[in-house]
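Me: I would like to work through a structure by asking about its overall make-up first and then about a few of its parts.

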Amino acid sequence: MKQIHKILLLTAVVLASGIFIYASTYTVKDKTATVENESRFPSKLDFAGENTPLQLDDVGERFDRELLVNVNLHASTILAIKRAHRAFPIIEPILKKNGIPDDFKYLAVIESGLVNAVSSAGARGIWQFMPETAKERGMEVNDNVDQRYDLAKSTQAACSYLLNAKAKLGSWTLAAASYNGGMAGVNKQIAIQKVSNYYDLLLTEETYRYVFRILALKEIMNNPVKYGYTIAKDEMYSGLPTRKIEVDSSISDLADFAKAQGINYKILKIHNPWLRETKLINAEGKKYQIEIPLKGY
């Protein structure tokens with residue numbers, strides 16, 4: 001009987017221990033998950049120094065949607081982080097020189113993923129300018145030369161647009177929204193709805209989400225490790241050092257020109273994507289800067 005009693009007692013202890021361990025493990029996991037979720041959602045947020053009212057129910061949910069979507073778009077988010085290492089050093093000083101808040105570099109991220117994209121509507125380049133808008137902002141756009149593909153020139157054109165939008169609409173957040181919805185379109189809704197804050201406006205679905213996408217990419221790219229993105233510095237895409245050649249005449253064969261510079265046609269076009277054909281037509285004697293990489297080929 002004593003032996004049976006010992007066995008029953010031991011069994012009871014084991015079962016009790018198992019229940020305790022399970023309960024403790026479950027509690028720890030649940031607590032960890034809660035803390036993790038709380039830490040991933042920022043307590044405060046701003047765009048260009050203008051507060052994002054996350055305490056408003058719909059605003060918090062709209063931001064959370066874009067944050068979750070972009071955190072889980074692993075490939076495109078990783079590529080954006082890698083490309084930013086190459087593109088931001090060109091974009092940032094141009095924004096600063098023009099008095100444009102640094103946060104607008106994330107607008108370029110959501111527009112194109114920091115590549116010279118082509119939209120179905122005809123917008124091109126990292127800043128996604130339509131042909132007529134680009135010309136209005138001082139860029140040359142034709143079959144031979146398309147400066148929408150020139151990151152420095154298109155960033156300057158974007159600055160020109162944004163300064164105008166800020167002057168007309170009154171805030172940087174509305175200026176950013178207008179980059180998607182147009183100045184006239186956003187201004188019309190301000191007049192109809194009798195509010196002047198982006199977060200109070202009901203806009204088209206795309207423009208309604210637009211600034212929140214910028215905010216989500218800003219949050220992720222400023223805190224990549226927090227959101228599960230650990231990328232070594234040597235895995236980033238870097239800009240290569242180049243020398244610039246000024247030309248003020250036509251070039252009949254860009255392949256021959258490239259060879260004379262010690263590179264090939266492919267490398268020439270990678271570093272000068274604004275050259276759209278196999279030759280440069282320059283009857284008017286305009287001055288162009290052609291970049292020749294010093295390494296990486």
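The questions and answers below concern this predicted model.

Me: How many helices and strands does the secondary structure of the protein chain come to?
Reply: The protein chain has 297 residues, of which 41% are buried. Its secondary structure, counted over the protein chain, comes to 11 helices and four strands.

Me: What share of the contacts in the protein chain with a separation of 6 or more comes from residues 24 or more positions apart?
Reply: The count takes in contacts in the protein chain with a separation of 6 or more, and asks how many of them join residues 24 or more positions apart. For those residues the share is 61%.

Me: Is helix α4 largely enclosed by the rest of the structure or largely open, and which helices do its buried residues pack against?
Reply: Helix α4 spans residues 105-112, and because six of its eight residues are buried, it is largely enclosed by the rest of the structure. The buried residues are Lys105, Tyr106, Leu107, Ala108, Val109 and Ser112, and Gly113, with a positive phi near 70°, follows the helix. The helices that the buried residues of α4 pack against are α3 (74-97), α7 (172-181) and α9 (205-222).

Me: Is Thr230 buried or exposed?
Reply: Thr230 is found in the loop that runs between α9 and β3 (242-247). Its C-alpha is 9.2 Å from that of Ile78, although the two residues are 152 apart in sequence. Since exposed means over 50% relative accessible area, and Thr230 has a relative accessibility of 66%, this residue counts as exposed.

Me: How are α6 and α8 oriented to each other, roughly parallel or roughly antiparallel?
Reply: Two packed helices are described by the angle between their axes and by the distance between the axes. Here the axes of α6 (residues 151-169) and α8 (residues 183-193) come within 11 Å and cross at roughly 15°, and the crossing in which α6 passes α8 is right-handed. Because angles under 35 degrees count as roughly parallel, the orientation of α6 and α8 is therefore roughly parallel.

Me: Which residues make the contact between α6 and α8, and how many of them are nonpolar?
Reply: On the α6 side the contact is made by Tyr161, Asn164, Ala165, Lys168 and Leu169, and on the α8 side by Met183, Val186, Asn187 and Ile190. Sorted by class, the contact of α6 with α8 has one charged and two polar residues, while the number of nonpolar residues is six.

Definitions and conventions:
Residues numbered from 1 in each chain as written. Predicted model: local features only at pLDDT ≥ 70, side-chain atom pairs only at ≥ 80, totals over all residues. Heavy atoms only, no water. Helix = DSSP H or I, 4+ residues; strand = E, 2+ residues; numbered from the N terminus. Buried < 20%, exposed > 50% of the residue type's maximum accessible area, 1.4 Å probe, protein only. Contact = heavy atoms within 4.5 Å. Axes fitted to C-alpha atoms, helices over the stretch in contact; angles between N-to-C directions. Parallel < 35°, antiparallel > 145°, perpendicular 65-115°, else oblique. Left-handed = near helix turned anticlockwise from the far one by under 90°. Nonpolar A, V, L, I, M, F, W, Y, C, P; charged D, E, K, R; others polar.
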